[in-house]
Amino acid sequence: MRWGILIGLLVLSFILEGTIVQVFSMNAWEGSFYILPRFALVLLVFISLFVGRRKAFLLGVLIGLLFDINYTGVIGVYAFSLALIPYLSALAYQYFQLNIFLIILTVFLSVYVQESITFFLYDLFGLARGHYDLLTHLPTAAFNALVALILYQPITRFLEKISDGRQDEERI
């Protein structure tokens, strides 16, 4: 039942990103910056840290495929990036005590790196618009880190109930 709720939350975040992205996807400073909600990635990072990186990897592939099928013309870009980033996030914090500062920093860096990887993959296929700028993805990363800060308490309580204490990290 709890896993059904978790998958439902991921699908809801996928739907919210596709619907409210019209509101938040505003261009500022003459189109050089934009803010995109990445709620599914935020939730996947939380899942990787509290439930396990392998489960987050699998859920990232599934949600990424939904992104690729519905919003892009290339299959695999979001499936790759949404699976890889939560997996690497959990690996990076395998030996650290989780606290709110590290988790919010992880979400910020995860969103920034995921946006950069997505841009470079699209650039590899010749589908990227514009050129890469280090500052372009900072507002998106900051917005999603703020969302993670707001949702930290309810998400961590829920994930601690369904997790078995970060089990799969011990079986490296």
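Me: At roughly what angle do the axes of α2 and helix α3 cross, and within how many Å do they come?
Reply: In this predicted model, the axes of α2 and α3 (residues 53–71) cross at roughly 165° and come within 8 Å.

Me: OK, what does that make them, roughly parallel or roughly antiparallel?
Reply: Angles over 145 degrees count as roughly antiparallel, so α2 and α3 are roughly antiparallel to each other.

Me: And the hand of the α2 and α3 crossing, left or right?
Reply: Right-handed for that pair.

Me: What about α2 and helix α6, how do their axes cross?
Reply: The axes of α2 and α6 (residues 138–162) cross at roughly 45° and come within 10 Å. That makes α2 oblique to α6. α2 passes α6 in a right-handed crossing.

Me: Switching to confidence. What's the average pLDDT of the chain?
Reply: The chain averages 86, and 87% of the residues score at least 70.

Me: Which elements have the lowest and the highest mean pLDDT?
Reply: Strand β1 (residues 27–28) has the lowest, with a mean of 54. Helix α2 (residues 39–50) has the highest, at 94.

Me: How should predicted coordinates be read where pLDDT is low?
Reply: Not in detail.

Me: Now the holes. How many cavities of 30 Å³ or more are there?
Reply: The count comes to 1. About 40 Å³ of space lies in the largest cavity.

Me: Which residues line the largest cavity?
Reply: Its lining is made of Glu 17, Arg 38, Ala 40, Leu 41, Phe 67, Tyr 78, Leu 82 and Gln 114. By class, those residues divide into 5 nonpolar, 1 polar and 2 charged.

Me: Which helices each supply at least two residues of that lining?
Reply: α2 does, and so does α4 (77–92).

Me: And the second largest pocket, what's its volume?
Reply: About 200 Å³.

Me: Which helices each supply at least two residues of the lining there?
Reply: α1 (2–24), α2 and α6. The largest share comes from α1, with 4 residues.

Me: Can you list the lining, and how many of its residues are nonpolar, polar or charged?
Reply: The second largest pocket is lined by Leu 9, Leu 12, Ser 13, Leu 16, Phe 39, Val 42, Leu 43, Val 147, Leu 151 and Ile 155. They divide into 9 nonpolar, 1 polar and no charged.

Me: Back to α2 for a second, where does it turn up in the linings?
Reply: α2 supplies at least two residues to the lining of the largest cavity, and at least two to the lining of the second largest pocket.

Conventions
Residues are numbered from 1 along each chain as its sequence is written. This is a predicted model: local features need pLDDT of at least 70, side-chain atom pairs count only at pLDDT 80 or more; totals for chains, interfaces and linings use all residues. Side-chain values use heavy atoms; hydrogens and water are left out. pLDDT is the predictor's confidence in each residue, from 0 to 100. On a 1 Å grid over the protein atoms alone, a cavity is a set of points where a 1.4 Å probe fits but cannot get out, and a pocket is an open set with protein on both sides within 12 Å along at least five of seven lines; lining residues have an atom within 4 Å of a point. Grid points are joined across faces, edges and corners, and a volume is the space filled by probe spheres set on the points. Ala, Val, Leu, Ile, Met, Phe, Trp, Tyr, Cys and Pro count as nonpolar, Asp, Glu, Lys and Arg as charged, and the others, Gly among them, as polar. Axes are lines fitted to C-alpha atoms, for helices over the stretch in contact, and angles run from 0 to 180 degrees between N-to-C directions. Angles under 35 degrees count as roughly parallel, over 145 as roughly antiparallel, 65 to 115 as roughly perpendicular and the rest as oblique. A crossing is left-handed if the near helix is turned anticlockwise from the far one by less than a right angle, and right-handed if clockwise.
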